Each structure stands twice: as structure tokens, then as C-alpha cells.
Amino acid sequence: MFAAFSALSVRGRGAARLAASTLVSGLVAASVVAGAGPAAADGAAWNQGGATATIGGLKTYGGAVVHADSGDQEISAGLFEMSVDGGGMLQTYCVDIHNPTQRDAKYHETPWSGTSLGANKDAGRIRWILQNSYPQVNDLAALAGKAGVKGGLTEQDAAAGTQVAVWRYSDGADVDAVDPQAEQLADYLEKSARGVAEPEASLRLDPAAVSGHPGEQLGPVTVHTDADGVTLTPPADAATSGVRIVDKDGRAVTSAVDGGEVFFEVPENATAGQAELTVQASTTVPVGRAFAAESRSQTQILAGSSESTVSATASASWAKTGAIPALSAAENCDKGGVDITAANEGTEAFTFELLGVEHSIPAGESRTVTVPLQEDQAYDFTIQGPGGFEKRFTGVLDCMTQMGEAEAAGAMTQTLAEPSPATVGTVTDDTNLAATGGSAMTPLITGIAIGLVVIGGAALIVVRKKQQSAQG
């Protein structure tokens, strides 16, 4: 039983952090082993359930000005659109002003705790702004009346004013809208905002992993959703493995509702193995849900949703004897890392190693281990166990938005070169730029990212050679 871990810092914020991350990545990238050999590199990346979408660009926007000691920077501010995997569209605002938006980046619905919002005491005020402004309030005359805007509001004014108000709370930014009507709306929203609770996920399964013995019902796995109902897709090899998805009475089920409990029913003669349940539904994603990118692309917060496809998965593992692990993970910005929750329903302790620290989960117990990571650091680690058990977790830790004044100014000039002050409000869709939508630094950053991958790969090769030599 062992874990393999590798981590590469993809991009920091500002030139100083970029250089520092380059040095760190060369030192951190490694394979940490306890057992017979390195873990396999295959296996799907994880997510915590909900909508998965691809960002398409800034669609409705106006101009804004960010004030810093180094000077003022004009940028675009407004609504992004995302296309949902399986169908549906989302509208989002940015809550990460100092980072770029990568074209066609993949995003996952994420709890606030997995983003900078988790430690932001004003996150609830941001949700209030979203609930009480455009596009949730699409009667622009009524919105203008509430904000005291006598000249009325265009969609561009409403989007820009709302984004500016969001930035003031999400990033602590000193930012104003260019258009007077949009600025008046931003001031109204900022002053009127009140704390509102974080919305529930559109779909999640609790727990996301279970374990046990053949001949048992493994679970329960509880469905949490705002959809009317969900569809259950049994394991791909169910016909040959005999594993069924059932209710508490042992009846096979193909659907469930919010609060419903389902189980993996494993045949008594089954050999040690794993199975996965996929749950899917169609619903509108709640306003205020955070969306984090798989790559270094600015965090978004949901402002509007069409009927969209949402999904989640749960896994089960079983064996007759020995350790029987069940693993799940969640990014924890409060602790600055990834929480790995390991449960062991076996007859022996489950032992694994991460970053040189050995962890042992006694039989019948569950523990959470936090893997510490640096801000903006990509991670990719696989934990293996007996009977072919394997679980892979990948992502990028993105917890911070606010920086020191000097660093923020450096980031603004590097990542906000486009749109230029002369073109604010006239940027075409081809640029896909919001306030932080891209820059001339992109080729350099891409080259550095490729270099980090090479450095990380070299470190892995060196460590593996040392391991082979020691084993020989």
C-alpha cells in the first residue's frame, strides 16, 4: 500500500511569485513511495459534484478603472458565459480580479471552502449583490429606480456596475466603473449588500466513497440536490461483476430524489475490487455557487443559470480481509491544502505515505489528512491499496485573491495588457477578456509552465532511478 505524489506550481501572481514558483516546483516535484513501486498514472481527475462547464468569454460588459499606487488601469467588467457539459448555459462574474481568464478553460462547481470565498467574511454580501442585480433582476428600469440612477441603465451598465461591486468585496479592490450610471449602481449595491448564506450544491453525494465486505450493502450514499430527481447509472461492469445499486430494502433502483439513500450491493463471492456510481440530473444551478478552474484561470461566481446538466460520482471498494479503504478529497483554503478523508472498513490498518509522512488508518476508523500546498500550486497524486485499489486526485490550489499593493500593481500591468485603455468597451469576443482576460504575457507563462513540467518529469525520473538502484 502506498501513495505517489507529484506537485508542480503552474503560475503565481506577479513577476516575483512567478520566479519563486519556478524554483519551488523543481524542488517539490517528486514521487514519494512506501511499498513496491510507483502508482499508475492513469485514473480520472476528481470533482465534488454539480455542473462542469467551459468558459466561452466575456459577453456583456462595460469599462472599469482599478486604482493602484503605480497608476490607474482601465479594464473590462461584466458577465461571462459558460457552456455546461451535457447541456445548459451559465452566466458568471469574476471573483479573482488579479488573475487572467484562460480561453476555453474547464470549470467545476465548487464549495466556497475550496476558493478564496471560504475565508472571505464578505462572501455572503457578494451573493446578495448577485440576487439583487443584473441578470437576476432583468427589469433595468426597476433596478435603476432602486439605485437612484435617473438616466436609466443599459445591460452593459448593469453588468459593469454589478461586477465592480462584486470586486470591492471579493478582492478588496479600489475599483470604479467608467460609466457614471454603472458607478452609481455599484455604489448602491456595495452599500446595500447584506450577508446571505452560501447556497447548497446543485448535486452532491455524501459520502463520495464507501467500503466494506462482499455480501454486504455498502453505504448508504445520500443524494443532495435541488433537482426534482436524479438518474442513477450503475457501474459499467455491473452485468459481469454482479454489483447492483439498491435501496435499503435491497430493491434495484435507477432514480432517487433529494435525501434518498442508495447502496452498492456486492455479491458474496466477489473478489476484491472497486465500482463507481454516476448520478445525473437537470436543474438550475443556485445563484452564488463558485466555479473553480482545472487550470490557472480566475475563479467565477454564478449569476444566472439555464436548465443545466449536473452530475456526481460515488465509489465503493470491497475485500474479504485486510485493509479496505474509501478515499475522498476536498480543497481546504482555510488550511491551505487538500483534505484527504480516508475510511477503512477492513480487518487491518490502511497505511499510506504523502510528502514523506506515513499515515495509518486503523480498521473501522476514518481520518482526514491535510496535504499542504502552496498557493497556485498544481497537484497530482495517486493513492493505491490492496486488491488493485487506486484513487487519483488532481487540481490547482487557488485560495487567494488579495495581494500587497506592489504585487497587485505588477500583476495588473502584466496580465491586464488587454483590453487597453483605448479599447475598453469595444473588445471583440475573439479576445475572451474580462477584467483579467488575457495578456501578452501568455506565451511566456505557457513556456514557463512547459518548463515546469519538464523539470518535474526530470525529478520523477531521478527519484525512480534511485529507487530502482536501492531495490537492485
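This is a predicted model: local features need pLDDT of at least 70, side-chain atom pairs count only at pLDDT 80 or more; totals for chains, interfaces and linings use all residues.
1. Start with a definition: the expected span of a helix is 1.5 Å times one less than its number of residues.

2. Helix α5 covers residues 180-192, which is 13 residues. At 1.5 Å a residue, α5 should therefore span 18 Å. Its end C-alpha atoms are 18 Å apart, so the two values agree.

3. Look next at the N-terminal end of α5, which is capped by Asp179. A side-chain oxygen of Asp179 lies 2.9 Å from the backbone nitrogen of Gln181.

4. Which residues of α5 are buried? They are Ala182, Glu183, Leu185, Ala186, Leu189 and Ser192.

5. Four strands form an open sheet in the order β7-β9-β13-β11, and the pairing is antiparallel. On average, neighbouring strands are turned by 30° against each other, direction ignored.

6. Inside that sheet, β9 (residues 217-225) and β13 (residues 261-265) are joined by four bridges, in the antiparallel sense. Val221 stands opposite Val262 in β13.

7. The largest nonpolar core has 84 residues. Trp167, Leu232 and Phe264 have the most contacts inside it. Helix α4 gives the most to this core: eight residues. Another core, of 21 residues, lies apart from it; Val338, Phe350, Val369 and Val371 are among its members.

8. Take Leu232 as a case to inspect. Beyond its neighbours within four places in sequence, Leu232 contacts residues including Ile245, Val253, Val262 and Leu277.

Definitions and conventions: Residues are numbered from 1 along each chain as its sequence is written. Side-chain values use heavy atoms; hydrogens and water are left out. Helices (H or I, at least four residues) and strands (E, at least two) are DSSP runs, numbered from the N terminus. Buried means under 20% relative accessible area, exposed over 50%, partly exposed in between (1.4 Å probe, protein chains only). A polar contact is a pair of N or O atoms within 3.5 Å; within protein, one must be able to donate a hydrogen and the other to accept it, and residues adjacent in sequence count only if both atoms are side-chain atoms. Two strands pair if DSSP finds at least two bridges between them. Axes are lines fitted to C-alpha atoms, for helices over the stretch in contact, and angles run from 0 to 180 degrees between N-to-C directions. A nonpolar core is a set of buried Ala, Val, Leu, Ile, Met, Phe, Trp, Tyr and Cys residues joined through side-chain atoms within 4.5 Å. Contact means heavy atoms within 4.5 Å.
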